[in-house]
Amino acid sequence: MLSLGNPQQLADTYFADNNGWEDVAHTTEGVTYLKSKLVHTTNDKTEVYVTKGCVKATGTTAQKVFDSYWSQQLKWDTSTVAEMKILQDNGNSQIVYQTHKVLSAASAKKDLVFERSYSQDGTGYVIYSHSVESPLMPVQRQFGRANLLFHKCTIRDVSPGTVELVFLWCFDFNGWIHVKFIDAEKTKVALRATRIIKNTPGASLVASEPVTRVPSGRVDSNYAQYSQALRAQETPAPQQPTPQYRAAPVHAPFHATPVAQPAAAGPRFCSGCGAKAPEGRFCSSCGFQLR
């Protein structure tokens, strides 16, 4: 399983780093910022990113937001997590097992075993998470084990009634995956951060406009070809030649010739008594056969 170094040190380094990030296009309202940086490319050319997002909320406290984060992950991470189980609980640290929702028929089902811990200071909470191996949940044959390289979340009271949450996330699918799912994992950081707030009673997100522009190029020099419209995995199949067809001949407009309708027959009269007899074969007055 991929390792880039000490998870907590990496989380602290990228959390403090403000250089070389690219804005991530997203449609989630209430996000102060969302940005990412390429940190690794695996041997099978799969990209690994670190993504950092920030949201602010009013009408709440860091304690309440932390309670939502720590105890309600199945509610705020619904886009990813199918099932979740605490394998070991040590108070301020836990070993957690998750199964993830299937991304597509072409990708393997994923699960994840990670350790998470928190600490508290005068302004709020700091949370760290990273993948671990645990005899409590060995690798399952029906799942591909994903890899949470590092995660850090800070939840702080920035003023009375106002909380800032910063969410840092570096996740490896641990196997080839289509780039659309890699890009979607970045935008899920915005979803997770906002849903933590929405799941906190009384909290309201501070309004912020979504970022809808798509970066024209990545700052990271290791991936200079990002400005191309398609990446290697997205190269389309060769276009098949368009069949040529002869145009149908053009005919003069068709005009139907009206057909003369026979004139309606007039009333008949009996040749014997002269009475009007429009129907039948015999006169109803004298019985004479009508002609």
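Trainee: Is asparagine 174 buried, partly exposed or exposed?

Mentor: Burial is read from relative accessible area: buried means under 20%, exposed over 50%, and partly exposed in between, with a 1.4 Å probe and protein chains only. Asparagine 174 has a relative accessible area of 35%, so the residue is partly exposed. Please note that this is a predicted model, in which local features need pLDDT of at least 70 and side-chain atom pairs count only at pLDDT 80 or more, while totals for chains, interfaces and linings use all residues. Residues are numbered from 1 along each chain as its sequence is written, and side-chain values use heavy atoms, with hydrogens and water left out.

Trainee: Where is asparagine 174 found?

Mentor: Helices (H or I, at least four residues) and strands (E, at least two) are DSSP runs, numbered from the N terminus. Asparagine 174 belongs to the loop between strand E10 (162-172) and helix H4 (179-198). The chain as a whole has four helices and 11 strands.

Trainee: With which residues is asparagine 174 in contact, leaving aside its neighbours within four places in sequence?

Mentor: Contact means heavy atoms within 4.5 Å. With those neighbours left aside, asparagine 174 is in contact with Met1, Lys110, Arg145 and Ala146. A separate reading uses C-alpha atoms: those of asparagine 174 and threonine 46 are separated by 8.7 Å, although the two residues are 128 residues apart along the chain. For the chain as a whole, consider contacts between residues at least 6 apart in sequence: 57% of them join residues at least 24 apart.

Trainee: How many bridges join strand E4 to E5?

Mentor: Two strands pair if DSSP finds at least two bridges between them. Seven bridges join E4 (residues 81-89) to E5, and these strands run antiparallel. Two of the bridges can be traced by residue: lysine 85 has tyrosine 97 of E5 as its partner, and isoleucine 86 has valine 96 of E5. E4 and E5 form a hairpin with three residues between them, and glycine 91 in the turn has a positive phi of about 90°. E5 is also joined by seven bridges to strand E6 (residues 110-120), again antiparallel; there, glutamine 94 stands opposite arginine 116.

Trainee: How many residues of E5 are buried?

Mentor: In a regular strand the side chains alternate between the two faces of the sheet. Eight of the eight residues of E5 are buried, so the strand is largely enclosed by the rest of the structure. Ser93, Ile95, Tyr97 and Thr99 lie on one side, with Gln94, Val96, Gln98 and His100 on the other, and both faces are covered. Across the chain of 291 residues, buried residues make up 41%.

Trainee: What surrounds glutamine 98, leaving aside its neighbours within four places in sequence?

Mentor: Glutamine 98 lies in E5 (residues 93-100) and is buried, with a relative accessible area of 2%. Apart from those neighbours, its contacts are Gln73, Val81, Glu83, Met84, Asp111, Leu112 and Phe114.

Trainee: How many disulfides does a search of the whole structure find?

Mentor: A disulfide is a pair of cysteine sulfur atoms within 2.5 Å. The search finds zero disulfides. Among the cysteines, cysteine 54 is buried at a relative accessible area of 1%, and cysteine 170 is buried at 0%.

Trainee: How many aromatic pairs are there?

Mentor: Rings of Phe, Tyr and Trp (its six-membered ring) pair if their centres lie within 6.5 Å; planes under 30 degrees apart count as stacked, over 60 as edge-to-face and the rest as tilted. By this rule the count is 12 aromatic pairs. In one of them, tyrosine 14 and tryptophan 21 have ring centres 6.5 Å apart and planes at 90°, so the pair is edge-to-face. Tyrosine 14 is buried at 18% relative accessibility, and tryptophan 21 is buried at 11%. Elsewhere, ring pairs link Tyr69, Trp76, Phe167, Trp169, Phe171 and Phe173 into a cluster.
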